[in-house]
Amino acid sequence: MTDQKRTEQIVAEEGAQLDFSRDMSYGDYLHLDQILSAQHPLSPAHDELLFIVQHQTSELWMKLMLHELRAAIRSVAGDDLHSAFKMLSRVSRIMEQLVGAWSVLSTMTPPEYTAIRPYLSNSSGFQSAQYRCIEFALGNKNAAMLKPHAHHPARLAEVDAAWRAPSVYDEALRLMKRSGIDMPADRLERDWTLPYEASDAVHQAWLVVYRDPKQHWDLYQLGEKLVDLEDAFRLWRFRHVTTVERVIGFKRGTGGTGGVSYLRKMLDVVLFPELWRIRTEL
Ligand code: HEM
Ligand SMILES: N[C@@H](CC(=O)c1ccccc1NC=O)C(=O)O
């Protein structure tokens, strides 16, 4: 029997459904017609499909990340830490997935990217609304980042809402207070649109948790989930700037920034400063 006949026989014996004229199939459920017809290269370059798929898949993962992160923030606010832990773990795994994805893109060399770049015009990842919502949900607030969305009311509304809402770290500090740990009033209510600033009082609060983990097990776990997440995010930023240097060197970015110089500055962003600073004293 040929290999082909053998596999035909297996499919027949297994009873797999083969007629989908009346039933929902795989592609129907996943709306693959829409997803797989949304790649529209503008250049004749072979590598543009890689560039598009890399970004589209990243945006899909970011969509899931935001879904999980928003639910995690609600869970922390509602004292449901067990749900929050599951979701924050998933967010970190997604971030790790995005870190791993850089290795696919780094197969693209400078001449290959140069063939695509003029077609990108002034578009840039800097204008990713979902990425900005993620940064805001993690506390890296910056009003200027709303501007690229001003021309698109629905997108602006989404980024604006993320900008105005307390971050996961803000909610963690409020939870600490509810759990009986001293927390200054200016951390419990403040203008959430402002970037987070480290404070000695918060440093002391986390020290209380980390010096006696058994007494504060949930908060200790929460702290470590947040460190996991920032750790993974730092790796993503690092792989981004390294890939960018590898592909365009020190050219200015299409988004108007200095390029690598801008991305290197972003490496210095610390999302949850006290969680890192306490380590020296433990
Ligand atoms: C060859 C590949 C890439 C190059 C050369 C590149 C280059 C750059 C540059 C130069 C910037 C700074 C803003 C600007 O002036 O344009 C930037 C920002 C950004 N890029 Fe990329 N990038 C690449 C791939 C990606 C991928 C795969 C993603 C995933 C979605 C991504 C997401 C972003 C985001 C979110 C920003 C804003 C970062 C921030 O504001 O902190 N980039 N990129
Ligand atoms: N900023 C990049 C262009 C770029 O990478 C890009 C362009 C359009 C859509 C997504 C992009 N990715 C990340 O910035 C550049 O300066 O070459």
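**View 1. Helix H12 and the shell around ligand 1.** H12 (217–248) gives the shell around ligand 1 its largest share, five residues. This is a predicted model, in which local features need pLDDT of at least 70 and side-chain atom pairs count only at pLDDT 80 or more, while totals for chains, interfaces and linings use all residues. Residues are numbered from 1 along each chain as its sequence is written, and chains are lettered from A and ligands numbered from 1 in the order in which they are written. Helices here are DSSP runs (H or I, at least four residues), numbered from the N terminus. H4, H12 and helix H13 (260–266) each supply at least two residues of this shell.

**View 2. The residues nearest ligand 1.** Ligand 1 has 24 residues around it (C-beta atom, placed from the backbone, within 6 Å). Ser-124, Gly-125, Gly-253, Gly-255 and Thr-257 come nearest. By class, the shell holds 10 nonpolar, 14 polar and no charged residues; Ala, Val, Leu, Ile, Met, Phe, Trp, Tyr, Cys and Pro count as nonpolar, Asp, Glu, Lys and Arg as charged, and the others, Gly among them, as polar.

View 3. Look here for His-55, Arg-117, Leu-120 and Ser-123, which are among the residues around ligand 2. Its shell divides into two nonpolar, seven polar and one charged.

**View 4. Helix H9 (residues 168–178).** Eight of the 11 residues of H9 are buried (20 or more other C-beta atoms within 10 Å of their own, all placed from the backbone), so H9 is largely enclosed by the rest of the structure. Among the buried ones are Tyr-169, Asp-170 and Leu-173. After H9 comes Gly-180, with a positive phi near 95°.

Key. Buried ≥ 20, exposed ≤ 12 C-beta atoms within 10 Å, placed from the backbone. Contact = placed C-beta atoms within 7 Å.
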